[in-house]
Amino acid sequence: MLQEKLQDVFNEPGCSTNQAKSEKERKKGCSKALKPGAAAGGCAYDGAMIALQPIADAAHLVHGPIACLGNSWDNRGTKSSGSQLYRTGFTTDMSELDIIHGGEKKLYRAIKEIVQQYDPPAVFVYQTCVPAMIGDDIEAVCKFAAKKLGKPVIPVMAPGFVGSKNLGNKLAGETLLDHVIGTVEPEVTTPTDICIIGEYNLAGELWLVKPLLDEIGIRILSCISGDGRYNEVAQAHRARLTMVVCSQALVNVGRKMQERWGIPYFEGSFYGVSDMSDTLRTMARMLVERGADKAIIDRTEGVIAREESRVWRRLEPYKPRFDGKRVLLFTGGVKSWSMVTALEGAGLTIVGTSTKKSTKEDKERIKKMKGEEFHQWDDLKPRDIYKMLRDSEADIMMSGGRSQFIALKAKVPWLDLNQERHTPYAGYDGIVNLCEEIDKTLSNPIWRQVRLAAPWDSKPDVKPVGA
Amino acid sequence: MGNIQRFPHSAKAASTNPLKMSQPLGAALAFLGVDRCMPLFHGSQGCTAFGLVLLVRHFREAIPLQTTAMDQVSTILGGYENLEQAVRTIHERNAPALIGVATTGVTETKGEDMAGQYSLFRQRNPALSGLKLVFANTPDFSGGFEDGFSAAVTGIVEEVVQPSETTVKGQINVLAGCHLSPGDVEELRDIIESFGLSPIFLPDLSLSMSGRQPDDFTATSLGGVTVEQIAAMGASEATLVIGEHMRVAAAALELKTDVRSLFFDRLTGLEASDRLVRTLSELSGRPVPAKLRRQRETLVDGMLDGHFFYSRKRIAVALEPDLLYAVTSFLADMGAEVIAAVSPTQTAVLEKLKAATVMVGDHSDVETLARDADLIVSNSHGRQGAARIGVPLHRMGLPMFDRLGAGLKVQVGYRGTRELLFEIGNLFLSREMDHDSHGHAHGDGHEHGQHCGSGSCGCSAG
């Protein structure tokens, strides 16, 4: 079952990475073999949790030993405007005896306790490696529990050892398609209902975008899964249009929604000024194509014109401050690339980027944009980044939290672009936030001080008192 | 406290807001206290990623931690090849002095024979004979953080320590349990050295996890006790064993080296600190240095000033067992009432706790038990529950991701006890100040008058 699912997501025709591969390569699947002793990153369960946990009013129960949840709960900045139940960590905390006798009964009891005590609209049950090894049939337990307790209980079949975080994202998407989307009918629908896929409302980013959509008259029927509610996600099949945000991770959901319910989808981004405008335009155009009132196109253009002029005006003051400042972008995703134009518009120079997760087409595109001399590193080792920063080849590094200390130990400013950050960068206001953050850290007075030699290492450069 | 209610096992099937962390994570922390070490989890890569993130958030440091990256096939066929490849890769790339391998739920459920794999590895890789390799059995599905830490330290003792014919005068071993922060270890070193003794800490987190500024990039742990120092522990005069969970390692060390062990169940509190200082004075044959005498005096003074705010305060504490023991005992010393002591795992030290309710449980249990408490003492994960029931939270233990300098907190010895006393005392004090409206007579004129007069609450301005 799981194996079939894996082959299915590996063959995703909607995935551009996959399309670029030869037939033979595609069969191998998209999880690269991990090198023992030199691997980094989360597992499939981690990825599944990232994709589904933002569904805020559902209970998320992890079936496994303590490591899977005990070490990891309450560590993401995804925000909810209402229910906070998603922040409660539930686990069956499997013990030795559960492994000997099987964990199914305990799992059922756990589901029952949660339903009785918290009464959530649904319970997501996450499979992990150990119960998968001992053969706990969590799909059967979930089915039984759903029937007995009268609530959707959804098995998420993405035990860690099947692959990477990215694969886990995809498997979570499959779970929604199999068990959730299409199970609830909305009370009202409008011709401008959309579904956003792959937006997790980190640091409240969705809330920088939503007011603009409201103003234009576009309704977010469901968001998978940022600031999500179970019933909204279950109604996604009634959207008129789907936007897939983090293209690599959940494109399978967008494509299959098109297949099943005829909902067209497009890949868009909320990061960067031009990408944000493109996204709004595409949204409006595609909704009109599906029969929405033409007026939203004008309203969209109005909003874009106003916001763009506003954002460039707000970025203006940063230009002289950013003049000549060099940025090293170190993030896998293409996501950051949509920010590049905006950063350059604000006067920054991007000196290079990693392209570990980028496709061939992405790399070509970057080459076209930036010229041959622009650095693209496929596999830059931490030691090399450290050296580059130490040798002052960049003024600031922007990356995920994992490489934070490479920059800080080299005494070079660093900015978090990934999920642990506390500032929203999406939409027009987000770009201004980003520039403000860069400016704050670049102009902080500590950089001069921390680079000073210790008194015992330096020759005195001040004259002795009285001399 | 006559009647202690005990709940040695959780009755719930769903652990809610877990307090427990896994064994391998504890093992990783122990390994990080060894210089030029690379901890390696034998399991799926997610096991490592979660542990890594948790330690990074707590210490705000780069954390070396690797994985054997077990996938479905290797999990079923056996993980030896992954393990060998991982060790060889780490050796080639980072040349560590020690690789500390911790098993996980995945490899333990499969039942990997670690002793056998160790021999096989040595046999097949004679060229790597100089590399120290420590294996710790740390299944995720039994025990917890403290047990993993203990297993790793025991493993290091068994693999690295050498018996010695001779004794180095003044050399003292310290088996430092995981309830000691890097800051605590630093403080202990200070105290021990002030008697002219030279301590070897195993592990020594004060040198590796207290915020280093390396001259060059290092992929392994930077600082910590060196492998050579650990080997030389057999030549010490005595071993100070700090914490109940260090007893197994202490027994292994004594068995191997005949160095006598001196056990300390805690180092927080006046009497506990007195015991340490007396022992050190006896071991060194030196009088207690003036600095420590002054520190004791200020602690006694602090106890006198602070006891008003502690008396009969109702406090719930949820921490790893040995830290739980140290903190609840200290609070009882100060006249507070520990209404609930919640531990993530069942261990012997729970028998000694002074609390109305002693429970193996999670943060949701704390939330239930602490509804009418004056304070909760727990790690940062306690923040959600504490906020829901409106009880202030004093953060201790690990993880502490919403405070700076989490690793440098000091709570041992006279000075550390004093810091803890003031920190918690100030929480009570500020709450009483907040609740009293200024300008009319306080119910308890004496203590309030004294503190308000000092201007600490701002009322002297009016």
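Trainee: What makes up the open sheet of chain B, and how are its strands paired?

Mentor: Six strands in the order β1-β13-β12-β11-β14-β15 make up this open sheet, and their pairing is parallel. This is a predicted model, in which local features need pLDDT of at least 70, side-chain atom pairs count only at pLDDT 80 or more, and totals for chains, interfaces and linings use all residues. Residues are numbered from 1 along each chain as its sequence is written, while chains are lettered from A and ligands numbered from 1 in the order in which they are written.

Trainee: What makes β2(A) and strand β2 (residues 15-16) of chain B a pair?

Mentor: Two bridges join these strands, which run antiparallel, so they just reach the required "at least two". A:F90 stands opposite B:T16 in β2(B).

Trainee: How do you know which residues of chain A and chain B are in contact?

Mentor: Residues are in contact if their C-beta atoms, placed from the backbone, lie within 7 Å. By that test, 50 residues of chain A are in contact with 53 residues of chain B. The largest share of the side of chain A that touches chain B, five residues, comes from α7(A).

Trainee: What makes a group of residues a nonpolar core, and how many residues has the largest one?

Mentor: A nonpolar core is a set of buried Ala, Val, Leu, Ile, Met, Phe, Trp, Tyr and Cys residues joined through C-beta atoms within 7 Å, where buried means that 20 or more other C-beta atoms lie within 10 Å of a residue's own. The largest has 234 residues, and A:A48 is among those with the most contacts inside it. Nine residues, the largest share of this core, come from helix α2 (residues 45-59) of chain B. A second, separate core of 43 residues includes B:F309 and B:I424.

Notes. Two residues are in contact if their C-beta atoms, placed from the backbone, lie within 7 Å. Helices (H or I, at least four residues) and strands (E, at least two) are DSSP runs, numbered from the N terminus. A residue is buried if 20 or more other C-beta atoms lie within 10 Å of its own, exposed if 12 or fewer, and partly exposed in between; C-beta atoms are placed from the backbone.
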